[in-house]
Amino acid sequence: MSQPNTDAGGGEGIRRRFCGCSKQDFLPEESFKSWGNYTKALKATPARLLDRLTARSGDHIELVEMKARSQHEMKKSLTWWDLMWFGIGAVIGAGIFVLTGLETKKHAGPAVVLSYVVSGVSAMLSVFCYTEFAVEIPAAGGSFAYLRVELGDFVAFIAAGNILLEYVIGGAAVARSWTSYFATLCNRHPNDFRIHVSSFPDDYNQLDPIAIVVIIVICTLAIASTKGSSRFNYIASIFHVAIILFIVIAGLTKANPKNFTPFAPYGPRGIFVASAVLFFAYVGFDAVSTMAEETKNPAKDIPIGLVGSMVITTLAYCILAVTLCLMQPYQQIDEDAPFSVAFEAVGWGWAKYIVAAGAIKGMTTVLLVSAVGQARYLTHIARSHMISPWFAKVHERTGTPVNATATMLAATAIIAFFTSLGILSNLLSISTLFIFMLVALGLIVRRYYVSGETTPSDRNKLIICLVLILGSSIATAVYWGSSNGWIGLVVSNSIWFLSTLALWLGVPQAKKPRVWGVPLVPWVPSLSIAINLFLLGSIDKASFERFGIWTGILLLYYFLIGLHASYDSVMESKMVAGEVNSSV
């Protein structure tokens, strides 16, 4: 009698061996059946890598075949109203309560409002790119699914690793800030509940046990019920709005215009350095794209929900930043709990408790929404076998991906326990900007290249234009970071403009969006690429070194495991499809 299938696509296997931890659960692919098979797979690495570099998924694969590997269909119950509140709940409560004080004091001064504008514009351009993909490919995999379709498996895997890093680091940063605000609520210094270990290196010596407890509670909620998590987010988001209105109205009654002078004490460079880090404040909207699979009318609901939430968020951030800087001189703003301490400084000590309570509630919601979103990403990545299909399993009773949720939040807890907020925010911004740049690049490829239809001449012109767009954008970022002159910036920006113009006028679009599309293509995605790379150039060298180490770890894993597992999965799917076709 044959055994039930234990792959992610086999419902019986999921129910029978949900908690299984055998080799078959983690590495069921043919290449890992024996050491002999694995040796053969390693020898075939160059050929397999070439296959995965040139292979691209398809809309049908992501929307039909990948979904079929999960136990149940997701219910289409969300509208634009739900998505907008989900976006607000996922974003507001993290960056504004976490990083505004740090960047105002160290890099931007009162001009931090301009930093939020720059980050908001970049985020909005990325929102447009995400929106077209989410409408066309409404799958739970979000940017991972989009990049598999347009840029291939290898690029999608590198992006997937950074998506997971983004969620882990973002959750760790918010969890540590949760501790700071909780200490303020208890009338203590933000670091009073952390354990200082002098023998550990700086930035890693403030141990945070409360962050671990918070993450465990969030993990329990996320595993217990997705529907319950959604309801909690909706209620908490309304609470966010009430707190923001209180901060603005009450804060402006204590405004002192003199605090806005000097406006930009660190100059233009400080504004852009701060904007790169403050991009963290907009992290979360990409999680809304993973809800596309559960949206009633993607063509209508996704654009309104995504763009609407981003507009509201950007306006709220700018108003809150202005309020904070009018309440207190930028030199005196607290780095850990800026709004609470600002109210205390102007003589409204009682108000800091309201702000701290609101911040805690907001950050709790961000952590919860993040936990739900990251589990969807990890589940969809596991469906492709780039990581173990064990993570794609959905629990029969709760209907949630327990393995994916628990694993991601365990990693988040470990990092939150040791690592300081400054280290986390810079590394997070690199990961986020890198992914958003790839999504914009993928959108240009989607519009201008269709295999079998685009002529070799148009394909070559597209490649040349993309190389020039990327190269000029990188040159602008490097020149800005290493020189105070303007000649190089004029040259690199001119090359970017002319290459985008050449793409617009010289290469015909090969595909039109079926329902909703980004306006002014290729200008919008090209500008998104340029801004994201420019902001990357404002991040410190140490963060890039950490990013490089993480990318190296990803490549090592891919060449040893991920490449062979995903290759075997594709070959098995092709064999099954061939058997089905031959039997019809």
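**Reading helices and burial**

Helix 11 is mostly covered, with 30 of its 33 residues buried. The model is predicted: local features need pLDDT of at least 70, side-chain atom pairs count only at pLDDT 80 or more, and totals for chains, interfaces and linings use all residues. Residues are numbered from 1 along each chain as its sequence is written, and side-chain values use heavy atoms, with hydrogens and water left out.

Q: What counts as a helix, and how many residues has helix 11?
A: Helices are DSSP runs of H or I, at least four residues, numbered from the N terminus. Helix 11 spans residues 153–185 and has 33 residues. From first C-alpha to last it reaches 47 Å, close to the expected 48 Å. That expected span is 1.5 Å times one less than the number of residues.

Q: Which residue with positive phi follows helix 11?
A: Asn187, with phi near 65 degrees.

Q: Is Arg48 buried or exposed?
A: Buried means under 20% relative accessible area, exposed over 50%, partly exposed in between (1.4 Å probe, protein chains only). Arg48 counts as buried because its relative accessibility is 13%. Arg48 lies in helix 4, residues 45–54.

Q: What does Arg48 touch?
A: Contact means heavy atoms within 4.5 Å. Not counting residues up to four places away in sequence, Arg48 touches Ser31, Ala41, Leu563, His564, Tyr567 and Asp568.

Q: Where does Leu501 lie?
A: Leu501 lies in helix 22, residues 487–506. At 24% relative accessibility, Leu501 counts as partly exposed. Its C-alpha is 8.2 Å from that of Trp523, 22 residues apart along the chain.

How values were computed. Helices (H or I, at least four residues) and strands (E, at least two) are DSSP runs, numbered from the N terminus.
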